Amino acid sequence: MVTSPSVPRLVVAAPASGSGKTTVATGLMAALARRGLSVSPHKVGPDYIDPGYHALATGRTGRNLDAYLCGPELIGPLFLHGARGCDIAVVEGVMGLYDGAAGQGELASTAQVAKLLRAPVVLVVDASSQSRSVAALVHGFASWDPEVRVGGVVLNKVASDRHEALLREALEAAGVPVLGVLRRVPQVDVPSRHLGLVPVAERRAAALEAVAAMAAQVEAGCDLPALVALARGAGTLSCAAWDAAEAVAAARPPGDAAPSPGAGPAPRVAVAGGAAYTFSYAEHTELLTAAGAEVVPFDPLRDERLPEGTRGLVIGGGFPEVYAAELSANEPLRGAVADLALGGAPVAAECAGLLYLCRELDGRPMCAVLDATARMTERLTLGYRDVVAVGDSVLAAAGERRRGHEFHRTVVEPGSGTGAAAPAWGVRAPGRRVEGFVQQNVHASYLHTHWAAAPGVARRFVERCRTS
C-alpha cells in the first residue's frame, strides 16, 4: 500500500446550487494565496469554467475531479498530481452536496469525492430566508452519511447582526461550528450566459477584479485560521500521485515497445485555445506530451495559419457560437484546417470543435470538413453519457467503451455520420442513438471525455500523427 504525504485540504459544498459555494471557494483560494500559501485548486465534476477562476485565484492550473468520467479510483491520484508541492488544497463541489450522476446513487457527487479524498466539508448555506430552521438543514446534511465529515458552516447572505445572532444560536444545538458569515451584498460581477459563467479568457481584467472581490468577502467574513486548521485534519491518502508518462506507458499493449529516441522528431500537435476554445482538461496536453507529441497552442480567432509543421489537431470545447462571425471571417485559417483534415491528418474535435468543422454555424461559413450544419437552439442538452465506439478512429478502436459528458445548446444536422463519414459513438443512455462523425482521421463529436480515464487515447492519436 502506497501512503502519500498528507496535503491539507477541504471541500467547499452546499445544500444546492446557487448557495454561494463558488464565491466562498474561489475567495478562499485567493485569500490563502495572498497569505503566501501555495494553493491547489480543484473542481468536482466536468465543469470547465470555474477552474479558470480558480487558476486566477491561485496562479496554478485548476483541475477537475470527476468520478463518473475518470472512475472513483483516479480521484485520489489526480488530486495528488494537481496538489504536488502545495501547502493546501481547496476543492469546490458541484450542485448540492449529495447530488451526483442521475440514477447512479452517490457516483460523481461532492460527497463521494470528499470521502475518496478523506477531506472535511465546509457547507455554504444560503441563510437569506431562514433563522432557526438553519439548524435542521445543517443537521440533516451533517448526519445523512456518517462517512461525510461536515467540519463547519459558512452562512451566506446574512441580513444583519440580529439575523446572524439567531443563526448562530440555532446552530449551537447542531454541533457544527460557524466558520464564516457573509453579509448580503451586491453580487460579485461574474456575468453568466447560456452555459454558465463567462470564461476568464473572455474577460480577464474584469475576472481579476471579481476574484479580488470574492477574496475580500471571505477575508472579512471567514475565520481563515480555523479553515486552515480544519484542512490540516484531513486523512492520509493511500495512493500515489497520477503521472502522465506512467499512464501512457501502462496503456501500451504487451510487447509493444515505445518509439526509440531516434524514431524521428516529435510530431507537432496544434491545440486550439483563445477566447472561443476554453474548454479543456490540463491532463490532455500532459498526456499528449507524454505520448511523444510537441503540443503547440493556437487561437482560431487570431491566427491565420496553423503552427508550422502541424501533424495533428485538437479542437476542444468552448463558445464558437458567440464568436461565429470572427471565426468565419478568418478564412485563411478555415482553409488551413480543411486542408489538414481532408489531407488525412488526425483531428480530434469535441463539441465546439465539431461545430467549427461543419459547413456552417448559424448561417456563417465554417471549415466545411464535415457535410453538416450547426445552429443555436433554446434547448439545453446536458448530462453524462455511456458510449461505445462504432468503428475504428484516431481516438478509439471499434467496440471500446467510454464515459463522457454533453453540455450544449446547439444542434448539428445531420446529427451523426453522413456521406463519407461514419458515426463516432453509439450512445447507450438516454435511449439508444448514434452520435458524431468519423471521416478519414477526423473524430468529431459533442461528447467531452477525460483522457486520464483512457490514456491510450493520447498514445493512439500521437502514433497516427507519426504515420499519417
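Biologist: What do buried and exposed mean here?
Modeller: Buried is under 20% relative accessible area, exposed is over 50%, and partly exposed lies in between, with a 1.4 Å probe and protein chains only. This is a predicted model, where local features need pLDDT of at least 70, side-chain atom pairs count only at pLDDT 80 or more, and totals for chains, interfaces and linings use all residues. Residues are numbered from 1 along each chain as its sequence is written, and side-chain values use heavy atoms, leaving out hydrogens and water.

Biologist: Which residues of α8 are buried?
Modeller: Ala207, Ala210, Val211, Met214, Ala215, Gln217, Val218 and Gly221. Helices (H or I, at least four residues) and strands (E, at least two) are DSSP runs, numbered from the N terminus.

Biologist: What does the buried side pack against?
Modeller: α1 (21–34), α2 (50–58), β7 (178–183) and α9 (224–231), with contact meaning heavy atoms within 4.5 Å.

Biologist: Different topic. Which peptide bond is cis?
Modeller: The one from glutamate 413 to proline 414, with omega near -10°. Proline 414 sits in the loop between β17 (401–413) and β18 (425–427).

Biologist: What about the phi of methionine 95?
Modeller: Positive, about 50°, although methionine 95 is not a glycine. Methionine 95 is in the loop between β4 (88–92) and α5 (110–117), and is partly exposed at 36% relative accessible area.
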